[in-house]
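Work through the exercises below with the sequence and the model at hand. Try each task before reading its solution.

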Amino acid sequence: MVSSAICRPVWRRWRCRRGQPAAGQALGLRGLVSPGAASVAIRLDAQTAATTIEGERFLGLVGTGAFFSGGRPELIIRVDDGPAWTQPWQFVEREWDYQDLTLTGEAAEIDQQARDEERARLRTLWAIVTPTPQWDAPSRLPLDDYLYQSATYGGRRSYNGGPYLTYHEGVDFSAYAGTPVLAPAAGTVVLAERLYVRGGAVIVDHGLGVFSGFYHLSAVHATPGQVVRPGDLLGEVGTTGLSTGNHLHWDLLINGVWVDAAVWQEQGLACWALEALDRSCVP
Ligand SMILES: [Zn+2]
């Protein structure tokens, strides 16, 4: 299943060949624009895509979070000041894990203010969209060695019997402490430090609104501003921050929305996006 679409102008209208997207995935849109087109704006319901134009080709990437409603959200594409092209888009239903978590003792006394401040600060980092993809190869896993995937993306979470109001924003890999954590794709490190919730943390900007994050690290081996290649060492697996055991939490944002990092990698959307811009994607 590929959650992507190829759009072409046909008699001054757009026609898109559609995949079957589900909530929690990135949706890629690519196509052709007239020579000299300066901008393309793409929106899927309330979500805005990060877009770029290279020559006569455009690429848009939009994220749908795990609470994105299914059904038929409306896709809108507009080039410069031209007419808006709209079409409802069929989403398929996806099944989610449900996790009931019981917090006791110290874990139940989370410093809500510190948690909110951390999230607000990261939101300002994720809001800075660098204009073009920095990656040039397929995305890879951030670990060569792990024991098992201990939590999937999107699992609904209830704390101490409450309602399922939150979901797991990344993918967890159970692994031994000290296991190397590697860059999954080229990019620029924008954060490398110890945080309250996420513990030892590294965040990489891959360009065009794509950010990956690596948390609960026992050691951080990256510095802000550092340009990384796929496979470069970012840190070591640990259990720092609000964590109950050694694991890597890997998350992926597309234009400010958490999507399933494992699906992004499995579907090969990194290379699909580069093809859209007529660039090569060499492992
Ligand atoms: Zn996690």
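**Overall fold and size**

The protein chain contains three helices and 23 strands. The model is a predicted one.

**Exercise 1.** Find out how the radius of gyration of the protein chain compares with that of a compact globule.

Solution. 
- Step 1: The chain has 283 residues, and a compact globule with that number would have a radius of gyration near 19 Å.
- Step 2: The protein chain has 19 Å, so the value agrees with the globule rule.
- Step 3: Along the principal axes, the C-alpha atoms fill a box of roughly 65 × 40 × 30 Å.

**Exercise 2.** State the domains into which the protein chain is divided, and describe the contact between them.

Solution. 
- Step 1: Domain 1 covers 4-94 and domain 2 covers 98-260.
- Step 2: The centres of domain 1 and domain 2, taken over C-alpha atoms, are 27 Å apart.
- Step 3: Domain 1 gives 19 residues to the contact and domain 2 gives 21 residues.
- Step 4: The size of an interface is often given as the accessible area lost when the parts come together.
- Step 5: Between domain 1 and domain 2 about 1300 Å² is buried, and carbon and sulfur atoms give 64% of this area.
- Step 6: On the side of domain 1, the residues that lose the most area to domain 2 are L61, A66 and F67, together 37% of what that side buries.

**Exercise 3.** Describe the polar side of the interface and the domain 1 elements that take part.

Solution. 
- Step 1: Eight residue pairs are in polar contact across the interface of domain 1 and domain 2.
- Step 2: On the side of domain 1 that touches domain 2, the elements giving two or more residues are β5 (47-48), β6 (50-54) and β7 (57-63).
- Step 3: Sorted by class, this side of domain 1 has eight nonpolar, nine polar and two charged residues.

Note on methods
Residues numbered from 1 in each chain as written. Predicted model: local features only at pLDDT ≥ 70, side-chain atom pairs only at ≥ 80, totals over all residues. Heavy atoms only, no water. Domains from an automatic or database assignment. Contact = heavy atoms within 4.5 Å. Buried area = accessible area lost by both parts, 1.4 Å probe. Polar contact = N/O pair within 3.5 Å; in protein donor to acceptor, adjacent residues only side chain to side chain. Helix = DSSP H or I, 4+ residues; strand = E, 2+ residues; numbered from the N terminus. Nonpolar A, V, L, I, M, F, W, Y, C, P; charged D, E, K, R; others polar. Rg over C-alpha atoms; globule rule 2.2 N^0.38 Å.
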